[in-house]
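Dear colleague,

Please find below the sequence and structure that I am handing over to you. My notes on what was found follow directly after.

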Amino acid sequence: MRLRQRFYLVEVLVGLRVTAAHFFVNLGRHTAHYVFGRKDARGAVTVQYPEERRPYSLRLRSLHRLVRREDGSPRCVACMMCETVCPAHCIYIVAAEHPNPEIEKYPARFDIDLGKCVFCGYCVEACPEDAIRMDTGILEFSSYSRRGMIYTKETLLALEPAGPDGTPRSPIPIPADRTP
Amino acid sequence: MPKLTIDGKEIEAPAGTNLIEAARRLGIEIPHYCYHPGLSIAGQCRLCMVEIGNNPRPQIACNIQVAEGMVVRTETAKVLATRQSIMEFHLINHPLDCPVCDQAGECWLQIYYMKHGLYEPRMMDEKVHKPKAVPLGPHVILDAERCILCSRCVRFCDEITGTGELGIFQRGDHSEIGLFPGRELSNPYSANVIDICPVGALTDRDFRFAVRVWYLETAKSICPGCSRGCNIEVHYNLRRPHHNQGRRVARLKPRYNREVNRWWICDAGRYGYKFVDDPSRLLLPARRADTQADEVVWEEIIPLVAARLSAYRPEEIGVLASPQMANEDLFLLRRLVDHLGIPNVDFRVPSRASGDEDRILIKADKNPNTRGAELIGLGPRPGGLDARGVLRAARERRIKCLWVLHHDLLLSAWPEEETREALRALDCLIFQGSNANGVSPSAHYVLPSATWVEREGTFANFEGRVQRFWKAVEPVGAALPDWEIIGRIGEALGMGPLPATAEAIFKALAAEVIAFRGLSYRELRDAGKPVASS
């Protein structure tokens with residue numbers, strides 16, 4: 001370290017200059033934007049996340065959901081295409097016999113380990129029944145354990161698609177190991 | 001032999017060979033559904049069309065025999081257009097079931113559709129609906145919509161088993177496969193129709209939805225269900241352990257061997273593998289003091305067992321080898337028995353249930369290696385007792401230590417009470433086997449062995465054909481192949497070092513046992529070789 005740097009005072013002043021420069025540039029831009037009507041001048045804005053949110057893009061890949069049939073049962077026929085294509089091996093399906101021979105097969109178990117998921121969206125692409133989608137708009141899920149990151153069929157079936165601006169319409173699923 | 005040309009390549013084939021087989025020898029695949037080398041020719045599917053000479057129309061290759069100077073072309077524009085039309089025809093009423101169909105991944109309709117299909121469907125009409133998910137018998141389930149009416153299954157039941165349960169009913173596009181009234185597809189070979197069904201019409205009830213076929217891996221093996229020694233493939237799943245309720249071996253499939261089972265296996269053999277992933281598997285070696293069983297490690301139990309075996313006089317020890325064991329195990333056991341000078345050795349324990357037998361494949365002897373045990377010589381030594389004699393002597397306390405390999409003596413043809421009494425009277429009972437049975441709970445030492453899919457080795461079938469089986473999965477728990485357990489005990493008793501592989505033991509076996517002379521483990525290859533005729 002050079003001597004000048006050892007006296008922090010100089011470096012602190014340098015830092016203050018950078019901050020102040022940003023402050024006055026932004027102040028100028030905001031003034032131009034709002035007071036003088038220069039709409040192309042855009043100052044930096046802070047979004048008060050999570051109270052305030054910017055709209056999500058419609059093609060955002062968020063938490064998965066399982067699409068339901070009219071009677072509420074999963075549309076999934078447990079063909080294992082998503083499980084096969086999944087590069088993270090995070091989908092666990094166990095197939096069972098459906099009482100209706102026209103449907104024939106349904107998932108007795110359909111777990112997604114979100115601790116492993118890489119949100120590539122291949123499962124959605126691979127699904128021949130359009131039974132899995134990543135359109136819930138939910139991005140904030142967390143857990144105190146690995147086990148809690150495994151979302152079950154029941155949880156995924158209960159989710160609704162996000163609204164038109166990408167706002168989630170379903171509450172964030174709470175893992176079993178966490179109290180709200 | 002007629003000489004002909006297929007796609008510009010010359011081949012000589014015996015008279016009577018059809019064009020599909022002749023082309024196969026050249027490595028040319030002519031697509032087909034209804035033709036099966038083990039069945040009569042039906043000419044139903046019309047897919048195997050080829051052009052012959054200057055004939056104006058393509059002809060079916062399955063029903064045309066080779067002839068001198070024939071010129072066959074299998075990939076001309078006309079042939080390809082015909083194939084595409086015929087595929088379109090087959091798919092008119094075929095449902096888009098692939099996601100739920102167990103055949104997906106090994107379906108010839110999928111394979112030929114990808115190769116020759118018309119990708120833009122022209123059918124506008126509603127497909128004809130037929131019964132789905134109909135059980136035909138204990139093992140087979142039918143989806144009539146998926147059937148392409150190749151009639152292989154019908155011909156199988158007519159020609160191979162002669163039971164004739166199946167037929168084609170109705171006419172035109174309403175034709176469907178079905179059972180004759182009052183019949184059930186329950187003959188002892190019924191599940192073979194699943195293998196020969198080229199599409200997903202006939203699927204396996206036992207394998208239904210268990211594992212998708214693309215997760216399966218295969219190992220060549222030999223069926224241990226009877227002394228026929230049918231060649232099989234073991235299909236196992238290790239990639240998705242949550243499938244099939246955690247069972248690793250998912251199914252057995254027949255493997256072609258002209259000399260033994262051709263294309264078929266019986267249902268008893270096909271579904272007889274369930275013990276491999278059964279909860280009754282013995283996982284760790286155990287030592288019992290009073291009523292308490294302690295699980296221990298091999299390093300601890302081998303010297304204990306060796307010490308017990310050397311503590312008794314040889315005539316106080318009985319050894320009951322099993323014809324379920326491979327030649328390599330039996331050979332090392334014989335070496336050990338000879339090393340200790342034990343006269344009371346046997347492998348014949350008659351089972352209580354009398355075995356069924358037929359003229360197709362099934363043999364009454366339900367052990368895969370009785371012939372091997374005979375040839376290697378695990379019968380009583382001069383002056384020694386046979387199995388029944390050993391148990392009698394145990395009751396009279398003349399035999400003090402008994403080493404039982406695999407046998408469930410309580411299920412033998414002998415009175416159960418007598419056997420129990422003999423086991424109780426023993427000073428030391430050693431049980432070696434893969435699963436818990438009637439003997440294992442009373443054993444003082446339990447040695448867990450690997451099942452046949454967890455190791456490699458050879459069996460000799462009833463005709464004396466020595467056939468190799470390969471390892472599919474790892475042994476469960478601490479289980480070891482029988483030869484390794486026997487070899488380690490032998491090592492502790494000064495019999496010499498433990499052989500490194502099954503192959504090394506086979507080499508010694510071929511050098512020492514006359515019947516096996518001249519055989520080499522590698523040279524057995526897939527189809528096996530007969531022992532020297534005595």
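**Surroundings of B:Ile301**

Leaving aside residues up to four places away in sequence, B:Ile301 touches B:Pro285, B:Arg287, B:Val296 and B:Tyr445. Please note that this is a predicted model. B:Ile301 belongs to helix H7 of chain B, which covers residues 298–311. Is B:Ile301 buried or exposed? With 24 other C-beta atoms within 10 Å, B:Ile301 is buried, since the threshold for burial is 20 or more. Of its contacts, B:Pro285 is 16 residues away along the chain, and the two C-alpha atoms are separated by 7.1 Å.

**Chain B as a whole**

Chain B contains 13 helices and 23 strands. Its C-alpha trace spans about 85 × 50 × 40 Å along the principal axes. Of its 534 residues, 46% count as buried. Among contacts between residues at least 6 apart in sequence, 68% join residues at least 24 apart.

**The seven-stranded sheet**

An open sheet of chain B is formed by seven strands in the order E15-E14-E20-E19-E18-E16-E17, with mixed pairing. Strands E15 (292–295) and E17 (344–346) of chain B stand at the edges; each has a single partner strand, so one side of each is left without a neighbour in the sheet. From one strand to the next, the twist averages 15°. Strand E14 of chain B, residues 286–289, pairs with E15(B) in the antiparallel sense over four bridges. Within this pair, B:Ala289 stands opposite B:Gln292. Helix H10 of chain B (residues 387–395) packs on the sheet, where it touches E16 (317–320), E17 and E18 (401–405) of chain B. The direction of H10(B) makes about 145° with that of E16(B).

**Nonpolar cores**

The largest nonpolar core comprises 98 residues, of which B:Val249, B:Ala321, B:Val390 and B:Leu402 touch the most other members. Helix H8 of chain B (residues 327–340) supplies the largest share of this core, six residues. At least three residues of the core come from each of domain 2 (108–277) and domain 3 (308–530) of chain B. Not counting residues up to four places away in sequence, the contacts of B:Val249 include B:Val234, B:Tyr236, B:Tyr273 and B:Val453. A second, separate core has 47 residues, among them B:Ala13, B:Cys45, B:Met49 and B:Phe156.

**Chain A and its contact with chain B**

In chain A, the domain assignment gives domain 1 (3–34) and domain 2 (65–157). The centres of these two domains, taken over C-alpha atoms, are separated by 51 Å. The contact between the chains takes 16 residues from chain A and nine residues from chain B. On the side of chain B that touches chain A, the residues divide into five nonpolar, two polar and two charged.

**Backbone points to inspect**

Most residues other than glycine have a negative phi, and most peptide bonds are trans. Which residues does a cis peptide bond join in chain A? The bond lies between A:Tyr49 and A:Pro50, with omega about 5°, and A:Pro50 is found in the loop between helix H2 (8–34) and strand E1 (65–66) of chain A.

In chain B, B:Asp7 has a positive phi, near 50°. B:Asp7 lies in the loop between strands E1 (3–6) and E2 (9–12) of chain B, and is partly exposed, with 14 other C-beta atoms within 10 Å. B:His406 likewise has a positive phi, of about 70°, and is found in the loop between E18 and helix H11 (416–425) of chain B. B:His406 counts as buried, with 23 C-beta neighbours inside 10 Å.

With kind regards

Methods
Residues numbered from 1 in each chain as written. Chains lettered and ligands numbered in written order. Predicted model: local features only at pLDDT ≥ 70, side-chain atom pairs only at ≥ 80, totals over all residues. Pairing = 2+ DSSP bridges. Helix = DSSP H or I, 4+ residues; strand = E, 2+ residues; numbered from the N terminus. Axes fitted to C-alpha atoms, helices over the stretch in contact; angles between N-to-C directions. Contact = placed C-beta atoms within 7 Å. Core = buried A, V, L, I, M, F, W, Y, C linked by C-beta atoms within 7 Å. Buried ≥ 20, exposed ≤ 12 C-beta atoms within 10 Å, placed from the backbone. Domains from an automatic or database assignment. Nonpolar A, V, L, I, M, F, W, Y, C, P; charged D, E, K, R; others polar.
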